[in-house]
Amino acid sequence: SSCRLRFGPHTEWLGSFDVDEYLVPMANFDNMKDVVRAMDKKDAKILTFKSIRAWARRSVLQDPAKTALTNSACPRGCFDPVVPPQTTFMQTYNCDREETPRYNVMPAEKQIYRPDYVLLHFVHYSTVTTVSIMTPLELETAGLDPKKRRYKEKSNHIMDEDSEARMLHTKSIKYQDTRNWRKTCRLRPRQTLSEPLPPRVFNSLHPMCKLGTPFPPGKNWDTQNETLKDAANWVYNCFMVEKIENYWVPKLVDSLNHMMGNKTFRVVHSDTDNCPTCFF
């Protein structure tokens with residue numbers, strides 16, 4: 001609300017995001033300005049981005065042998081999930097737990113909104129708008145129903161994550177999240193899955209696996225059993241966003257290297273379906 005009060009009069013759109021949250025234009029969009037202009041044509045005044053923490057991809061993290069540890073919180077062993085200094089967080093955490101469209105998200109969405117319409121904003125939500133404070137007579141004059149007891153914001157647009165834009169939440173996992181990771185994130189060599197495994201079932205059987213092993217392109221929880229794990233028996237549990245991986249990550253790397261004046265950052269080219277030597 002303080003941000004809106006101070007900067008709202010000077011801009012058409014306003015948003016507040018954390019440094020680990022990436023706004024990603026999708027489909028034919030290649031910048032957020034064009035996304036916002038397109039939403040403006042739809043008369044949207046609040047743009048809502050779904051949020052849920054992504055998993056760090058096991059094959060992109062630094063070798064766990066370098067940061068392995070055992071203590072009271074990790075009696076069976078943990079490691080510090082370090083993002084290598086030459087690798088971007090965007091690529092490391094490009095592994096959503098649910099493929100698009102995502103439904104099992106956190107009630108902690110983020111928004112871009114018009115400050116001339118949203119009068120009070122609180123972190124994740126537009127709490128007061130010009131419509132919500134209207135009197136019954138004003139509502140009726142505006143063609144709205146003043147008799148409805150429950151207010152529903154009609155100018156809030158939930159972003160289409162395939163055709164418009166999405167948010168990638170790259171909040172770091174901690175070493176406690178890797179407890180017993182060799183066992184919880186993989187099957188025994190001869191162990192098989194009796195049926196396709198939906199996310200909620202996998203998470204109940206492997207509740208501590210917070211390291212991402214992405215499904216190969218075109219595969220998901222509903223495909224045949226033999227595609228639910230890679231050659232090293234790591235069970236697939238998340239989904240890469242293709243445009244992030246193939247378009248935005250290289251673009252980010254190029255921009256960072258240009259800013260640094262050298263080749264500090266690089267794109268990690270990892271085969272998620274054929275990596276029998278990864279992290280034994």
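C95 is buried in this predicted model, its relative accessibility being 0%. Its disulfide partner is C238, which is also buried, at 0% relative accessibility. The link between C95 and C238 is right-handed, with 60 degrees about the S-S bond. C95 sits in the loop between helix 3 and strand 7 (106-113), while C238 sits in the loop between strand 12 (211-212) and helix 7 (242-260), so the bond ties together parts that are 143 residues apart in sequence.

The count of disulfides in the model is three. They are set out below.

| Disulfide | S to S distance | Hand |
|---|---|---|
| C74 and C78 | 1.8 Å | left-handed, about -95 degrees |
| C95 and C238 | 1.8 Å | right-handed, 60 degrees |
| C185 and C209 | 2.2 Å | right-handed, about 120 degrees |

In the pair of C185 and C209, both cysteines are buried. C185 belongs to the loop between helix 5 (181-184) and helix 6 (199-205), and C209 to the loop between helix 6 and strand 12; the pair therefore ties together parts that are 24 residues apart in sequence.

Turning to the pair of C74 and C78, C74 is buried at 1% relative accessibility, and C78 is buried with a relative accessible area of 4%. Another cysteine, C3, is partly exposed, with a relative accessible area of 28%.

A further residue of interest is T87, located in the loop between strand 6 (74-79) and helix 3 (89-92). T87 is buried, with a relative accessible area of 4%. Apart from neighbours within four places in sequence, T87 has contacts with V60, T92, F265, R266 and V268.

Notes. Residues numbered from 1 in each chain as written. Predicted model: local features only at pLDDT ≥ 70, side-chain atom pairs only at ≥ 80, totals over all residues. Heavy atoms only, no water. Helix = DSSP H or I, 4+ residues; strand = E, 2+ residues; numbered from the N terminus. Buried < 20%, exposed > 50% of the residue type's maximum accessible area, 1.4 Å probe, protein only. Contact = heavy atoms within 4.5 Å. Disulfide = S-S within 2.5 Å.
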